[in-house]
Structures are given as structure tokens and as C-alpha cells.
Amino acid sequence: SSMIRMRGLGGCDIEITRTHPHRVLCVGFAPSADRAFVFTPAMLHHAYWLLRQSTLHTVWQNGQFDLHFLQTRAGVQVAGDLDDTIIAWHTRWT
């Protein structure tokens, strides 16, 4: 997690369980094109701590789902700046 904090920018994604009630299964961070970290259930509290840092700039794909799920199901409000590639794509192609 120190590499993620040092970079201050990275791709982020969540995966959820398939069965009801849905829960966060893991949170992945990619601080560079050749490095990624996955926080599994036993380590999710560390991922949540990172996401609550205002200095971490995250980039999501369809982040509107992930961010809503994190807030409503895990109680995590992402504090830092964020971008979403799907919104950028729609902006570019509409």
C-alpha cells in the first residue's frame, strides 16, 4: 500500500460476490502499467483506508457503479479526485 500512496494515482476496480446479499469481494489498485495489487476479504480494511485518503487520485471504468456500491454497501466514501474512463469515452464520442 505504500507504493499506492507514493504514486498518488492509479487505476482502481472492485469485484463483488455473485450471490445475494452482494458484498465487496476484492479491491484492485494498479499504480502503474506493470504493477497491480489486489486486496482480498481479509485485507479489505486496508483498501478502504486507501480509498478514504484525499491524496489518492483513482481512475475507474464504470466507476459510478463501483463508487455507489462502496458507499452504500461498504460505507466507504472515496475522498480523493477520481476519473472514469467510461465517462471520458462518452464525452469524446457523443
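Tutor: Let's begin with two terms: strands (E, at least two residues) and helices (H or I, at least four) are DSSP runs, numbered from the N terminus, and two strands pair if DSSP finds at least two bridges between them. This is a predicted model, in which local features need pLDDT of at least 70 and side-chain atom pairs count only at pLDDT 80 or more, while totals for chains, interfaces and linings use all residues. Residues are numbered from 1 along each chain as its sequence is written, and side-chain values use heavy atoms, with hydrogens and water left out.

Student: Okay, in what order do the strands of the sheet come?

Tutor: The order is β3-β2-β1-β4-β5, an open sheet of 5 strands with mixed pairing. At the edges are β3 (35-39) and β5 (82-84), each of which pairs on one side only.

Student: How many bridges join β2 to β3?

Tutor: There are 4, between strands that run antiparallel, with β2 covering residues 24-32. A hairpin of 2 residues links β2 to β3, and Phe-29 stands opposite Phe-37 in β3.

Student: And what about β1 and β2?

Tutor: Those two are also antiparallel, paired over 6 bridges, and Gly-11 has Ala-30 of β2 standing opposite.

Student: Changing topic, which residues of α2 are buried?

Tutor: Taking buried to mean under 20% relative accessible area (1.4 Å probe, protein chains only), they are Leu-44, Ala-47, Tyr-48, Leu-50 and Leu-51. Seen down the axis of α2, these buried residues fall within an arc of 160°, so they line one face of the helix; the arc is that of the directions from the helix axis to the C-beta atoms.

Student: Why would residues spaced like that point the same way?

Tutor: An α-helix has 3.6 residues a turn, so residues three or four places apart point the same way.

Student: Last one: how many aromatic pairs does a search of the whole structure find?

Tutor: It finds 2, where rings of Phe, Tyr and Trp (its six-membered ring) pair if their centres lie within 6.5 Å, and planes under 30 degrees apart count as stacked, over 60 as edge-to-face and the rest as tilted. Phe-29 and Phe-39 form an edge-to-face pair, 5.6 Å centre to centre with 85° between the planes. Phe-29 lies in β2 and Phe-39 in β3, so the pair ties together parts that are 10 residues apart in sequence.

Student: Are those two buried or exposed?

Tutor: Phe-29 is buried, with a relative accessible area of 3%, and Phe-39 counts as buried at 9% relative accessibility.

Technical notes. Buried means under 20% relative accessible area, exposed over 50%, partly exposed in between (1.4 Å probe, protein chains only).
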